[in-house]
Amino acid sequence: MAASLSSVSKVLCRLSPSILQPLRQYQSCLQRLPVRSCGALSPFAPPSHFFCRAASLQNDAAAQAADTLHRFKDRPWDYLESEEYIERYGTNPVWAGYRRNHKGGIPPQKTRKTCIRGDKVCGNPCPVCRDPNIVVHHQNVKLLQQFISPQTGMLYDPTRTGVCMSQQKKLTAAVGTARDHGLLPFQIPYVEFSGEDYSNSHDAVGCTPPPPSLTSGDTWYNWYSEITPNEQEVAKVKKTYRAYLK
């Protein structure tokens, strides 16, 4: 038994250099390559190197997102002309292809009240709330035009665009302000007026009739002359206030 164990140990010692040498070379190659994802983690790579690499990637992504938000914070209308917007939406409006989450095949008649409550965001936010770079502002004309019907000039119903009621109220106020400032056109309804609306034959808007033929001592109009009161009416008034007329 002891002889067999000694022979096995001698064989393993002879084979160990040929087995361990390729493994050492493979480990050195993996340490030189960057770790790109969790799936690329090798058992030969040191764990500290992987976690540091993952943390650095997260910090870079957060810094890039903060930089993007800072760029379009003061001028949100510039985001619609940026490469990020074109890459994400292309030439389509921001609400194109959005589908609301609801039970059954028939969607509800109203959208949700709001997508963001405090610091919590719902699972499927509306097209405006899901992108922090999209800001509803009366100077953001290109964004407002995406929610206005070119045929009627009215805002699309939120059941079509999928925006929440909070953003729909902001869109309504922003469109009204933009039209007041002359940034958006608005259509004046055509009303056909008839000739009776401009007639001057009515006594309230007509011209003063010519005076009648005057005789000596007569006035132009009867209400200009002295008016004689009715004696019976005068007697009733005196009877009513006789206690005060003494």
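Reader: How much of the chain counts as buried?
Author: Of its 246 residues, 22% count as buried, meaning under 20% relative accessible area with a 1.4 Å probe and protein chains only. This is a predicted model, where local features need pLDDT of at least 70 and side-chain atom pairs count only at pLDDT 80 or more, while totals for chains, interfaces and linings use all residues. Residues are numbered from 1 along each chain as its sequence is written, and side-chain values use heavy atoms, leaving out hydrogens and water.

Reader: OK, and how many helices and strands does the chain have?
Author: There are 7 helices and 2 strands; these are DSSP runs numbered from the N terminus, with helices (H or I) of at least four residues and strands (E) of at least two. From the N terminus, the order is α-α-α-β-β-α-α-α-α.

Reader: Switching topic: how many aromatic pairs turn up?
Author: The whole structure gives 5. Rings of Phe, Tyr and Trp (its six-membered ring) pair if their centres lie within 6.5 Å; planes under 30 degrees apart are stacked, over 60 edge-to-face, and the rest tilted. One of the pairs is Trp95 with Tyr156, edge-to-face at 5.7 Å centre to centre and 65 degrees between the planes.

Reader: Where do Trp95 and Tyr156 sit in the chain?
Author: Trp95 is in the loop between helix H3 (83–89) and strand E1 (116–117), and Tyr156 is in the loop between helices H4 (141–145) and H5 (158–161), 61 residues apart.

Reader: Is Trp95 buried or exposed?
Author: Buried, at a relative accessible area of 14%. Tyr156 is buried too, at 15%.

Reader: Which residues form an aromatic cluster?
Author: Phe72, Tyr79, Tyr85 and Tyr89 form one.

Notes:
Buried means under 20% relative accessible area, exposed over 50%, partly exposed in between (1.4 Å probe, protein chains only).
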